[in-house]
Structure formats: structure tokens, C-alpha cells
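Please open the model in your viewer and keep the selection tool at hand. The stops below can be taken in order, one selection at a time.

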Amino acid sequence: MGRIRVLDEQLANRIAAGEVVDRPASVLKELVENSLDAGARSIRVTAEAGGKRLLRVEDDGIGMDRDDAILCFERHATSKLRGLDDLEAITTLGFRGEALPAIASVSRLLLSTSEQDGPGTEVEIRAGKILSVREADRVRGTSVEVAGLFFNVPARRRFLRSDATELSHLLRVLTDFALAQPAVRFRLEHGGRALLDTGPAGDCGERIEQLFGTELARTLLPIRRDGASVKVRGFAGRPADAGTRRDRQHLFVNGRRVHDRTLLHAVSEAYRETVAAGRHPALFLFVEVDPAEVDVNVHPQKAEVRFRRAAEVHDVVREAVAAVLGTAAAVPDLADLRPAYAGAFRLPSGPAAAAALAALPAPELREPMPPRAEQTPGARPEVLAQLLDSYVIAQERDTLVVVDQHAAHERVLFERYLSQAEADGVEQQRLLVPVQLELAPAQAVLLEQEAGELARLGFVVAPFGPGAARIDAVPAVVAGAEVAGLVRDLLEEAASVRRVTTGVAELRRQLVTTAACRAAIKVRTPLPREAMQRLLDDLGRCRNPTTCPHGRPIAFRLPLADIERAFRRR
Ligand code: ADP
Ligand code: MG
């Protein structure tokens, strides 16, 4: 007798659930997609314990009749595809007919729906089995409540993270939908608190402002370009504002959030000349192509797509982004670069600003590090000049040394800050005028979690009304940096470190790296000779003066012998 059997429906659903649903955020994604496909104008999400205990999505869409309310839990039951032709050009977010049966198979689910205000249907399901179907009076629309996700799959349940981590994923998912659908109202309540609530916005720019605050929105550069079969819209962050986190790049194709290598590559190509490796500018990119030109059926969670004309899409996106980076608006003026500094003591603009910036390495003098034992006397590099306001040219005995001023300063700040943090003795600087910080909902949650660790690193940050916080003090080593952006970077950095490790030392190291990078003098900053000399002297006292904390080289040397060979003197 043969050994092959066809799996029963329930088992098949459970297996599909493994692909479609891996955490509360993926349930949320599927449910919100259904609401949007149903034409909802308002979507309300309620969650408890990061969505692990409860996740409810209520919409005001077209609803379902009694038959559909039952049928939608059958595998491959969908109203969105009729035949193969439809699959060639998908215009809805869903189409696989898998989500509801998959979610129902691993939870206790309650569906309540109606096609008009009045009589409706309520379906209760437990681990994929329908327990009851009732009539229920309700308003038009649909509500799906998922309780005890994975209650019957303990192995999966164990993989869920802390409430706060799962919540941050929920917020990320909802933020992306809110970006893609500015006209729709979104609300998320967690444990009785509204963490996100955005009324309908007129356009994407307004939505970005609602979600991320005016501070970010006002620096973004609008993108607009049409190719033969592709349209690109959105907003690009200025190169100077680039942070270390990649997840500020929100890419959408036909309203669907995607992770797409073609698009990511095009974007990094566009920024290549202006943004250092390892830093990522904020980006909101909306690509529209004919649905027949893109295959969305290549990933169970529909997170990846395949373009029929990938090369064209790539080039139009690259040109679209590169075009705005070439404009004057892409280059912030000096006063703009350091708003926090300006808050602490008024920063003059023009040449005086350059001088003020040049004075930045000064704090290092206060507390010289002990000289390294192996340092040979006479080997101290003497500054000769500055090349292109970016590289320090020095002479070390008979060797020419070229130093990347940003990398060098980064290394100096990193070692100083790390040793202070490890000794619990971070030198602080109170800000004369506290800096206001706008926080996206997910960031506000992060702040609650990480305030303690930030305090140990010298940042005094406290919530200050909804969606805002106040920075009262910062570590002296970063006193010159744009502290609002820095604190936001640190929060996001902390979240990503915590996803991979529980080690506090590792976390501290990462945060210190980010802070040092942000606070270090940038390239294209003129420095007076004394500041350059001080920088090289400080560098000479570092434990590792050869690479920056990200691993890039700090300096290269050209020995006299090589110079002589170049001139055929040898
Ligand atoms: P898909 O979205 O791929 O069609 P789902 O399992 O997510 O598959 O949903 C099955 C069907 O249930 C949908 O095609 C739709 O007809 C119906 N449905 C699901 N959620 C809603 C909702 N919020 N409002 C109206 N209809 C819905
Ligand atoms: Mg769906």
C-alpha cells in the first residue's frame, strides 16, 4: 500500500499558519489588509500584551453576509480572484485566501460582520473548529478578534518575545499601512492606551508629519519621477541626517510594503556619494507600476515582489532619488546641522559657525588619556594642512599621513565615552534649554523601556506629553551633536540590539558607537590647526588608533621611500 496521504483540512491550515503567521504583527498585517481590501475608511486596532493575549481589528468596510462569514474560514476561499487571469494582475492586498483559516487554526477567533447597519453575523472559532454561528445586530463593517494566539501551538508561543517587542512590531506594521493609505483613519490602543491615532490626511506628506512629527517632515525632499511603465513618488531624507538604522526606509509597491533588493539597491546607489557606508537616510518611496508588471505572488506573507522590468524600475528609482539629492535643499546649512547646540548656546551662522564647529574637539583636552606605553618619542604627527575641509594632512617623522577627520574623531569619542560608561562615570552636560523631541508611537514605547539604560549613558530624557519627550541632559562627549536625532537613533538601535541579544555590555557598546558617530565632526568641516593637532594627539592615545568603531580605516601613510620612488630618486 502506498504511504502518501492527503492531509486533512485542519492540519493543512496549521501548516499554512506556519508560513503566514509567525507573531501578532503578522496577524495584524493580514487583518488590516482585509479591512483595506473591503474599502474601510477607518480601522481600529485593540491589543493586549503585545497582541499575544488579544488582537482586535474593527473596520467600516463592506462587511460580509452570513454565507461568506462562514466560507471565509475555508482554505483558499477568497472573493479577490476568479481565475488565472486575475492572478496575473492583482489589484488587492490579499488574494491567497489563506489568512483567515490559518489564523483561526492557531487561536480563538471571533468574527462579527454585517453588510449594513442592523442584522449581521457572529462566528466563533477555536483552533479552526467553528463553535457557533449567531445573528448579531451591529454597524456595517467587520471586526475580527484573535485571542490567545498560538494557544494550541506551544512551540510557536515560546518564540514570541516580550510584550514591548511584539508591540513595537504591531506599531511598525500599522505605521506602514498608515503611510500607504493616508486617507484612512488608523487607531491602535494597547492596554487601554491610545498609542497611535491618525485622522485622515490629505496626502502622504501630511501623514508623515502626523506619524513622525514636523521636525522630520520639514527636512524631507519630495521625489517625483515618471518612467515609461513606472511612477515614483515619495520623500527622501537629506544625506546629512542619515542614521544608522535601516528600518527608516519605507518602500511600497502599489500600496504594498515590500522588502525588495532592486529598490534597496537603487536607493543606495542614489545616495552612494553622499552617505557613508553603514548609514541610512530616511526614505518613503512609493512605486506604482501596472499590476501586470509585477508579481506579488512570490512570498507567503507577500513581503517580496518581482518586477517584470526590474532594470527600468531600478533606474527610474535611482534617478528619482539622485535628482533631489543634487538640489540645494539637500544640503542643510551649518546652523541647521546642530539645532541642539543652538539651543544650548546661540550658534552664529556663516564663518563664525564654522569656527564654533571647529572648536568642537576641545572637550577632549579636559581629561587627557594616559599616553600609550609603546608610543615612541618624536613619532607625534605634526599637522601640515587640511585637504578639502575633510582630511588632515600630517607629517610623522619622514612619513606623510592622511587622516579621515570624521573617523578619527569617532574613534576618540568612542573610547572616551565607552570607558566612562563602563566605569559608571559618564560626564554629563545639562542643556540650558531642554530639547524637545517628537516621537513616533513605537519610539515612545521604546523610550519607556530604555530610559534607564539611556540614563546610565548620561542622557536624561523624560516623556513630555503624548508623542513627545524632553532631553534635559546629555553626556559631555556628544554635547555638540544634534541630540534629538541622536536619541531617536539610540532608541531604535537599542530595539534592534535587544532583538538579537540580552547582553547589556553589547547594548552599551552599540549605543556608544552610534553616539560617537553622530557626535563626531563631519567631513567638509573646516578646522583650525590647533583643533586638528589636538585630534591627532587624542588619537595617538587611543587603544586602537587604526580603525573607527565601524571598522573603517582612519589613516593611511605614505613613507618617504615611496615618495622618492614616485619621483625616481630611488
Ligand atoms: P484573502 O484576503 O487572500 O482573500 P483571507 O483569508 O484573508 O483571504 O480572507 C478571505 C475572504 O474573506 C476575503 O477574500 C474577503 O472576501 C473576506 N473578508 C476577510 N476579511 C474581511 C473584512 N474585514 N471585510 C470584508 N470581507 C472580508
Ligand atoms: Mg487577506
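This is a predicted model: local features need pLDDT of at least 70, side-chain atom pairs count only at pLDDT 80 or more; totals for chains, interfaces and linings use all residues.

Residues are numbered from 1 along each chain as its sequence is written, chains are lettered from A and ligands numbered from 1 in the order in which they are written, and side-chain values use heavy atoms, with hydrogens and water left out.

**Stop one: the ligand**

Select ligand 1, which is surrounded by 19 residues, the closest being Asn 34, Thr 78, Ser 79, Lys 80 and Gly 97 (a residue counts here if one of its heavy atoms lies within 4 Å). Next, look for polar contacts, meaning pairs of N or O atoms within 3.5 Å. A polar side-chain atom of Asp 59 is 2.9 Å from a nitrogen atom of ligand 1, whereas Arg 96 places a backbone N or O atom 3.0 Å from an oxygen atom of the ligand, and Ala 99 has a backbone N or O atom 3.3 Å from an oxygen atom of ligand 1.

**Stop two: α2 and α7**

Now select residues 24-37, helix α2, together with residues 163-180, helix α7, whose axes come within 8 Å and cross at roughly 25° (helices are DSSP runs of H or I, at least four residues, numbered from the N terminus; axes are lines fitted to C-alpha atoms, with angles from 0 to 180 degrees between N-to-C directions). That angle makes α2 roughly parallel to α7, a word used for angles under 35 degrees. The contact (heavy atoms within 4.5 Å) includes Leu 28, Val 32 and Leu 36 of α2 and Leu 170, Val 173 and Phe 177 of α7.

**Stop three: α15 and α19**

Move on to helix α15, residues 405-422, and helix α19, residues 529-540, which pack at an angle of about 50° with their axes 9 Å apart. These two helices, α15 and α19, are therefore oblique to each other. Among the residues in contact are Ala 408 and Val 412 of α15, along with Leu 535 and Leu 539 of α19.

**Stop four: α16 and α18**

Finally, select helix α16, residues 441-456, and helix α18, residues 504-519, which pack at about 70° with their axes 11 Å apart. α16 and α18 are therefore roughly perpendicular to each other, the term for 65 to 115 degrees. Here Glu 450, Glu 453 and Arg 456 in α16 meet Val 504, Leu 507, Arg 508 and Leu 511 in α18.

Terms used: Angles under 35 degrees count as roughly parallel, over 145 as roughly antiparallel, 65 to 115 as roughly perpendicular and the rest as oblique. A polar contact is a pair of N or O atoms within 3.5 Å; within protein, one must be able to donate a hydrogen and the other to accept it, and residues adjacent in sequence count only if both atoms are side-chain atoms.
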